[in-house]
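Let's take a walk through this one together.

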Amino acid sequence: MKSIFFENEEVTENDLYFLCYMIERIARRLHQRNKYVVNKISKEEWLRLISLADVLHCENPEKLEEEWIEGYELKQGDFNVLEVNRELVQHIPTATQMGKVYKRLIIATMQQGENFIDGMIRVYNSDLCETLDNYNCGAYYEPSYFITRAYNNDGFY
């Protein structure tokens, strides 16, 4: 995928990871599902953000959270991914860890002619995300190939 600003510059998997990480941070902060954050920001804006990701990752993530929440008019919700059954869950994955899970899933399921943003929108709108974001079941801990297979088979079986 090429940067929208510099046609000779490639957007990297690291740039995609940065967006997945920021989506996770913002969704957690607002008590929203990741899908909400992805769908509230236009595809054109995601293309701009991924093209700037190599610079944005140097910014303070809390500052970026504030800017994105305000700039994209993101609202508080009532889904708190961090509310878990403490008898079942001893370790809640970090935003960094979940950003990597989603980046790997997007890369592994890329379709012919699809760019990172198209893949990101497709994956985050999948029903599988509800399972991955249910930390009581631990699906996010599964190996990448197993999560990819679950995505391709419409769920964990």
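Is A53 buried or exposed? With a relative accessible area of 1%, A53 is buried (buried means under 20% relative accessible area, exposed over 50% and partly exposed in between, using a 1.4 Å probe and protein chains only). You'll find A53 in helix α3; helices here are DSSP runs of H or I with at least four residues, strands are runs of E with at least two, and both are numbered from the N terminus. Before going on, note that this is a predicted model, where local features need pLDDT of at least 70 and side-chain atom pairs count only at pLDDT 80 or more, while totals for chains, interfaces and linings use all residues. Residues are numbered from 1 along each chain as its sequence is written, and side-chain values use heavy atoms, with hydrogens and water left out.

For a sense of scale, go from A53 to A108: they are 55 residues apart in sequence and 21 Å apart in space, C-alpha to C-alpha. Now try Y17, which sits in helix α1. Y17 is buried too, with a relative accessible area of 18%.

Next, the core. A nonpolar core is a set of buried Ala, Val, Leu, Ile, Met, Phe, Trp, Tyr and Cys residues joined through side-chain atoms within 4.5 Å. The largest one here has 50 residues, and L19, W46, W68 and M120 have the most contacts inside it. At least two residues of this core come from each of α1, α2, α3 (43-56), α4 (61-71), α5 (95-108), α6 (116-124), α7 and α8. The largest share, 11 residues, is supplied by α1.

Two of those names come back when we turn to the rings: W46 and W68 form one aromatic cluster with Y72. How many aromatic pairs does the structure hold? There are seven, where rings of Phe, Tyr and Trp (its six-membered ring) pair if their centres lie within 6.5 Å, and planes under 30 degrees apart count as stacked, over 60 as edge-to-face and the rest as tilted. One of them joins Y140 and Y141, a tilted pair at 4.4 Å centre to centre with 35 degrees between the planes. Y140 counts as buried, at 7% relative accessibility. Another tilted pair is made by F146 and F156, whose ring centres are 5.8 Å apart and whose planes are at 35 degrees. This pair links distant parts of the chain, as F146 is in helix α8 (residues 144-152) and F156 is in the segment after α8, 10 residues apart. F146 is partly exposed at 22% relative accessibility, and F156 is partly exposed at 25%.

One more ring is worth a look. R33 lies over the face of F79, at 3.7 Å from the ring centre; a charge sits over a ring if NZ of Lys or CZ of Arg is within 6 Å of the ring centre and within 35 degrees of the ring normal.

On a 1 Å grid over the protein atoms alone, a cavity is a set of points where a 1.4 Å probe fits but cannot get out, and lining residues have an atom within 4 Å of a point. Three cavities of 30 Å³ or more turn up in a search of the whole structure.

Among the residues that line it are H31, N34, F79 and D133, and helix α1 (residues 13-30) gives the largest share, three residues.

H31 brings us to the backbone. Found in the loop between α1 and α2, H31 has a positive phi, near 55 degrees, in a residue other than glycine. H31 is partly exposed, at 27% relative accessible area. D154, in the segment after α8, is not a glycine but has a positive phi of about 60 degrees. D154 counts as exposed, at 68% relative accessibility.

Technical notes
1 Å grid on protein atoms, 1.4 Å probe; cavity = no way out; pocket = protein on both sides within 12 Å on 5 of 7 lines; lining within 4 Å. Points joined across faces, edges and corners; volume = space filled by probe spheres on them.
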